[in-house]
Amino acid sequence: MRLLEERIEKDGVVLGFGVLKVDSFLNHQIDVLFLDKLAAEFAEIFSKARATKILTVEASGIALACAAARFLELPVVFAKKGSRSNVGNDVYTASSHSFTHNTDYNMEISKKYLSASDKVLIIDDFLATGGAIRALLSIVETAKARVVGIGIAIEKGFQGGGKALRDEGYNLRSLAVIESMGNDGIIFGQADR
Ligand code: 5GP
């Protein structure tokens, strides 16, 4: 999606260790009207997926998932990170490794909000190694629900997570794919829109 690539070129800050900061519009300050444009793309891409629910991870996936949910008229469930006493024991859990923080963490979803009849559309802001998405996939599998699509705003193609998921047959669609980023600037690959 050219609009997103342009925004990344204009406002993204490349950190030396393979991390792109997009705090000015996606991860800290949120440009809500811009997110609506990304969400409209997701809604078009996944309009025929017949999802019953959008799944994401707190915190940075929530705004994008909610924007997409408004277009698709679906509820959003977000995985909570870490153990929380206010969710209770009736939860699905999975662990993942945080690429940006270099730590392992648990995520959990209350069994009340995901069931075997659900067809799940996963939405997240970034895809790098695929760890976060795989933790969500394992929760969906445990719930015996079905994944009908994965929508990512920014995929870092050079970290391989997206290729592995596509090779496994997931309907993974990314609005911007970064092939490399460094001294020569950001090079985009073929995105899905
Ligand atoms: P993965 O689990 O695919 O390795 O990483 C995905 C998760 O890590 C995303 O949910 C996102 O929160 C975070 N992440 C990975 N790479 C980046 C990055 O370059 N910039 C930002 N802002 N977050 C990232």
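Modeller: What follows is a walk around the ligand and its pocket.

This is a predicted model, so to speak of local features we need pLDDT of at least 70, and side-chain atom pairs count only at pLDDT 80 or more, while totals for chains, interfaces and linings use all residues. Residues are numbered from 1 along each chain as its sequence is written, and side-chain values use heavy atoms, with hydrogens and water left out.

Start with the neighbours. The ligand is surrounded by 17 residues; to be near, a residue needs a heavy atom within 4 Å of the molecule. The closest are L20, T129, G130, A132 and K156.

Next, the polar contacts (pairs of N or O atoms within 3.5 Å; within protein, one must be able to donate a hydrogen and the other to accept it, and residues adjacent in sequence count only if both atoms are side-chain atoms). T129 brings a polar side-chain atom to 2.5 Å from an oxygen atom of the ligand. L20 uses a backbone N or O atom, 2.7 Å from a ligand nitrogen atom. A132 also uses a backbone N or O atom, and this one lies 2.8 Å from an oxygen atom of the ligand. On its own the ligand has 500 Å² of accessible area, and the protein covers 90% of that (Shrake-Rupley method, 1.4 Å probe; for residues, only the protein chains shown count as cover).

Now the elements. β2 (19-21), β7 (119-127) and α5 (131-142) each give two or more residues to the shell. Helices (H or I, at least four residues) and strands (E, at least two) are DSSP runs, numbered from the N terminus. β7 gives the most, with four residues.

The ligand sits in the largest pocket, meaning that more than half of its atoms lie within 2 Å of the pocket's grid points. A pocket is an open set of points on a 1 Å grid over the protein atoms alone, with protein on both sides within 12 Å along at least five of seven lines; lining residues have an atom within 4 Å of a point. This pocket holds about 730 Å³ of space, a volume filled by probe spheres set on the points, which are joined across faces, edges and corners. It is lined by 30 residues, and S60, T100, H101, D125 and F126 are the closest to its centre. β7 supplies the largest share of the lining, four residues.

Note on methods: 1 Å grid on protein atoms, 1.4 Å probe; cavity = no way out; pocket = protein on both sides within 12 Å on 5 of 7 lines; lining within 4 Å.
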